[in-house]
Amino acid sequence: MEVFLRTFVFCWISAGFLHLPQKSEASPGNDFSGRCDLVFGNVCFEFVEEPKTWSQAMSSCEKRGGKLLNVINSSIKIFLKDITRDRNTSNFSWWLGEGVQGEYTIKNSDVSVHSCTYMKLNPLHLIATSDCNQKRGFLCTRNLQSSSNTETTAESSHASRSRFKRGSSDSDLNNILQDADRELQRMELTPGEPTNDSRNRLIQNLLKAAKTLRPGLNSETNGIVSHIINCSTAILQLSLKKCDIGTNPNPSSLFEQIFEIIRVMSMQLGSEENIVIKHRTGAFYQSNYTPAALGNAVLGSKEDGEIIKLPSFSSLQAQLGGHSSILAQMSTFSENPHPSNVNISGTLCSLVLSDGVSDIKLTNLTEMIEIFLPRQGASEQINTLVLEKDSKALTTFSVSDRSGTIIFTVQPSTNVSLILSLSQGSSPTSYPSNITTILSPSGGYRWMITPEMLQQTLGVWHVDTRLINSTWEPGLTLSISSFMSKCLYWNTEEETWSTDGCLVGEKSTPQRTQCLCNHLTLFGSSFFVMPNNVDISKTAELFATVSENYVVLALLCAFFGLYLVTLLWACYADRRSRSKRKMTLLEDNHPGAHYNYLISVQTGHRKNAGTTANVTVKLTGSEGESETHILTDRDKPVFERGAVDMFLLATPFPLGEVRSLKLQHDNSGGHPSWYINKVVIQDLQTRHVWHFFCDCWLSADHGDGMTKKTLNAARSNEIASFRNIFQSRTSTGFRDEHIWMSILDPPSRSPFTRAQRVSCCMSLLLCTMAINIAFWNIPLDENSPVIFAIGSLRITWQELMVGVESGLLMFPINILIITIFRSIRPRIVSKSQKDNSEESLQPPAVTIPTILKDTEEMIYLVSKSPRNKMSIMHRLEYTTDLCPALDRVHEFIQLMQGESESDPHWVYCSKFLLAGLLHLLMNLEKLNGRNFSSPQEYQQTLNITNMLVRKAEMVFSSHLASCPPPVRMKKKQSGGCWLPWWCVFLGWFLLLSISGVSTFFTLLYGFQYGKEKSIKWVMSLGLSLFQSIFILQPLKVIGVAVFFALLLKPVAVEETEEIEQVLLEQQDRCRRYSGRDTL
C-alpha cells in the first residue's frame, strides 16, 4: 500500500503536466500553418502523418518554424500516453530529433556511428536505427506565445510548475506550492500520515494559495491552477487510501474542503468566464448566468455524459430572490468521497449556486432537477423467448434493496400491446396481483417498478407478461431485460447517503442513470448485476426437452450416484470411528488416587506407523514420579496410524512440574514398530500443559533401533516456534478445514462426521453449479472499469460484482450448515446400569494375601514422594506384619498433622491414605479372628485401623479446609458454545433444502440453454471446481496456518465432554474401593 501511494502521488505531483488543448493562432514570422491542437508547457506538438525520411522530416519541421522533438522526460511521457488514448496515433511510428534520451531498442546492427531515432506509442518506447531512409510520420514541436480565450479548458496533471517573476505576492504563492509538494512527499514516506493536523494544515495553505490567484486564465497561470488542483486531489487520494482509515476515519467534510479550494480558485480566475477544469479524478465546470438564463440551463459535458439540467425559471424564481448574477459551479468525482456501507458506483456530481458571496440553496422545487451520471461497469442482460398462443411469460427476480428501482423492459418482435402484472411470493399465485400496467408501441415497452410498488419488501418477485387487445401471431418473441438502480444524495446534516427527494428517471440506462431531485447536494447512483433470467412458468415445457438436452441431467445423475456410494462408505467409516472415540481410564490406576493427568498420544501418519505392541508410560515430575502404566483399552484398538488416543492417568499426589516421560513397548504383535508424533500431558487440576515432541520410531527395525525413549518437556520457545505451529495448523487444516480432503481422514475426535462432510460437499457442489449456470455467459460490459490488473490478469468491476453476489448467495447458508454440524455437542453414552450392577454384585474375594498386598501397595505409593519422608518397607507376608506397617502409616499421619502450611500435596496424600485405610477397614470387617493367629491380634489390628481412619479423616478435613484442592476448572468461555444434539436435524433439513433448490434451478437453466451451451458450461464448471478444490482451498488452509504461525499462537489443547464421563467412572471405582459415596 505504501509503495503504491508513493508512486501515485509522485505521478500526480512531480511527473504530471498541464495539457491545454486551446486554440492558438500561428505567431508572426513563422510558417506554422493552421491551428495548434496539442499544447503542453507553452509548446505546440504536431503529429504529421505524411511519410518522410528522417532528413525530410527534419527539414519539414524547420519550414514550419519548429524542429523534431528531441526531449522526452517523464512529464512528456505522460502527455504522450494521454494523447494515445484520445487519438488514433498508436499504430504509427514517428521520427524524433537527435540526442533524444531514453531506453532504446537497437535495430539494424551497429548504430554507434550515425543513427536516427523514432518512437512507437502504446506502449511508448524509443527505437534507434541506422536506416534513416525509411519513411515514417514525424513529431514537430514549436514554442508558442501566450494566448488566452474567453472560454478556456484546462486539463490538469502535475508536471507544469509555475514560474513567478513579478512581485512578492507571486513569490509567496510559489513558496506555498513548493511547501505543499514537500509536505505531500513527506506524507508518502512517513508511516501514519496524513494525520488530521497535517492534512488540515495543507488544505488551509492550498486554500490560501487559491485566494491569491490573479484574475484570468492564461499560459502563465495555467501552471498555478494545475499545481493547486493536483495538490488538492493528491491529499484527497492520500486520505481516502490511508492505512488506518478504519480506526481513524476522515472527517465527513473532507470532500467539501477540497471542493471549496477549486470553487475559490475558479472565482478568483474570473466569474465572467466559462471555466472547465479537468483532472484525473473528475472535472469542474463554472458558468455565469442571469436568473432568467438559468432556467432550463444545461451544465457539464454532454460528451462525457455528466450533465445537470435545471428546471424552468418559473420553478426557480421564488428561491433565486433578487440576484442579478448567479455563478453555477458543478464538480464531478470518479470515486466516492464518503465511503459507507451503501454501494455507490459510477460518477458522482455536486452543484452549487452562489451570488459570488454566499451560496443559494434550492429545496422542495416544484419541478425536478435532472442529473445524468455515467455508470461504467454496468451491463444489461437480455433474454429472448418465444411467446406461445394463450400463454404467458413469467420473469422472476430477487429484490435485495428496499430503495432500489427496477427498470423492466419487454420488447416484442411485432407491435402488440402487453399487460404486465407484479406479484410477490414464493410462486406467482402466492399473493394476488393488484399492480399492473399496459405497454403499447406508442408508450414504449419499459416499466419502472418503484420502491412504492414493491412496498419496500425484500424477497422474490414475479412479473407476468401477457397479450392484451392484440392478435397473437406465430413466432412472436419477447426480449426481456431488467436492471436495478437508485439515486442517492449526501445528507450533510446526518452525514449519510439518502434517497429522500430523489427518484430514478425513465431515461436511465445500464450505462447512465437519470436522477430526478428537488434539491441541490452531492449526488450518486448504484447498480446491481442481475443474473440470467429463467421462466419458471415453463418448468414442465423445459423438462419435456430432456430427451434432446440430457447433458446437465446426466452430469447431476453422475454426481448423485457418486455421492450415494461415498455416503455408504462414510457411514461405515463413521461407525468404526465412533467405537474408537472413547477416552480411556487406565485400568492400573489406583482406585484411591485422585490427582489426574490427561495424556494425549498422537501416532504419526507414515506408512505402518501404528503398533500392536503393549505400550507403557511413566511420568517424572519435580515432586515425584508415577508408577509405570500400561496404555491399553480392552474396548477399542489403540495407537493406530494417524490416531489420537487419550488416557486418564491418576496419581496419589501432584507430581509438580512434569519434566520427562518414559515410553516403552514390548515389541509384541504382528506390527510392533511404532512411529509416534507427539505426546501432550495436561494437569486437569491446574490446567498446565506440557508438550513432548518426538517425531521418531520406537522400533527394533526402524530409526535408531530402540523400543524405549525418554522424552523431555518442550520449552516455551519450541512450543511457540513457527515450525511447530505451522505443521500443526497445516495438518489439522487439511484434515478438518479443507472440506473435500477432510472426508478421507477427519480428526478422530471431531463431532463433524464423514457422512455430514460428504453431504456438505454435495451441497456446496450443487450450489456452485446453480450459481455458476445462473451467471454463466452474461453479456460482457466492455466499458466496465478495470479495478485490478497484474500483467494479462485483469479483474473488472462487473466480474467483482458477480463474485460478490455469487458469494452472498452461496456461502452464508453453507457456512451455517457446516457450523451447525461442527458445533453439535456429542452424545456421550455412559456405561449401562446393567454393567455397573454386574460389577457391584461380583466384588473381589477378601483374603489375607489381598489385604497384605493392598496395604503394601498403599505404603509403597506414598513413599514415592520425597516430601512424605517414608522409606520403602519390606514385603508383607504374615498377619503379624500388619501392625508394624500400620505404625508406619500412623507416623506419616502425625507428619501430616505437624505440617502448619497446607498445600495440594498434603490434601491429595491425606485423601489417598483415607481411601486406602477405609478399604482396609472394610476388608477386615469381612474377615474374623480365624484368619489371624489369634483373636486378640485380629481385634488389635481392627482397633488400630479404626483409629487411623478417624485420624486420617481429621487430617484430610484440616488440610482441605486450609487449602481447597485446585478443582478442575470449567470449560473456558472462549471455547465457543455447543449446540444441543437435536440441532443435527436442523442441519440436515437446511442441507437437503438448499440441495433440492440448487438441483431444480440447475436443471431449469440447463434445459433453457440447450445442448450445445450446456456442454460449454460443463467444461467451464470443471475448471471452476478444479480451481476451488486444488488451488483455493489449499491456499486458504496454508494461509491460515501461516497467519497463526506468525502470531506465534500455540495450538490449544482439545476440550472434550468425555472427561466428565471418565471422571464419573473414576469416582464410581473409588466408591466401590472405599465403601463410601464421597470422601
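Before the first helix pair, one definition: helix axes here are lines fitted to C-alpha atoms over the stretch in contact, and angles run from 0 to 180 degrees between N-to-C directions. Also, please keep in mind that this is a predicted model.

So, the helix pair. Helix H14, residues 754-775, packs with helix H21, residues 983-1009, at an angle of about 30 degrees, and their axes are 8 Å apart. Angles under 35 degrees count as roughly parallel, and H14 and H21 are therefore roughly parallel to each other. The crossing of the two, H14 and H21, is left-handed.

Which residues make the contact? On H14 they are Ala755, Gln756, Ser759, Cys760, Ser763, Leu766, Cys767, Met769, Ala770, Ile773 and Ala774. H21 contributes Val984, Trp988, Leu991, Ile994, Ser995, Ser998, Thr999, Thr1002, Tyr1005, Gly1006 and Tyr1009. By type, the contact between H14 and H21 has 14 nonpolar residues, eight polar and no charged.

Now to the charged side chains. As a reminder, side chains of opposite charge can pair when their charged atoms come close. The structure has 19 salt bridges, and I will go through a few.

Take Arg182 and Asp179. They form a salt bridge in which the closest N and O atoms are 2.2 Å apart. Both residues sit in helix H4, residues 168-189, and they are three residues apart, about one turn of the helix. Arg182 has 49% relative accessibility and counts as partly exposed. Asp179 is also partly exposed, at 40% relative accessible area.

Next, Glu370 and Lys507. Their side chains meet in a salt bridge at 4.0 Å, N to O. Glu370 is in strand S17, residues 369-374, while Lys507 is in the loop between strand S27, 502-504, and strand S28, 512-517, so the pair ties together parts that are 137 residues apart in sequence. Are these two residues buried or exposed? Glu370 has a relative accessible area of 16%, and the cut-off for buried is under 20%, so Glu370 is buried. Lys507, with a relative accessible area of 52%, is exposed.

Last, Glu625 and Lys618. This salt bridge has its closest N and O atoms 3.3 Å apart. Glu625 is partly exposed, at a relative accessible area of 27%, and Lys618 counts as partly exposed at 23% relative accessibility. Which residues belong to the network of salt bridges here? Lys618, Glu625, Glu627 and Lys864 are linked in it.

That is what I have for today.

Definitions and conventions: Residues are numbered from 1 along each chain as its sequence is written. This is a predicted model: local features need pLDDT of at least 70, side-chain atom pairs count only at pLDDT 80 or more; totals for chains, interfaces and linings use all residues. Side-chain values use heavy atoms; hydrogens and water are left out. Helices (H or I, at least four residues) and strands (E, at least two) are DSSP runs, numbered from the N terminus. Angles under 35 degrees count as roughly parallel, over 145 as roughly antiparallel, 65 to 115 as roughly perpendicular and the rest as oblique. A crossing is left-handed if the near helix is turned anticlockwise from the far one by less than a right angle, and right-handed if clockwise. Contact means heavy atoms within 4.5 Å. Ala, Val, Leu, Ile, Met, Phe, Trp, Tyr, Cys and Pro count as nonpolar, Asp, Glu, Lys and Arg as charged, and the others, Gly among them, as polar. Buried means under 20% relative accessible area, exposed over 50%, partly exposed in between (1.4 Å probe, protein chains only).
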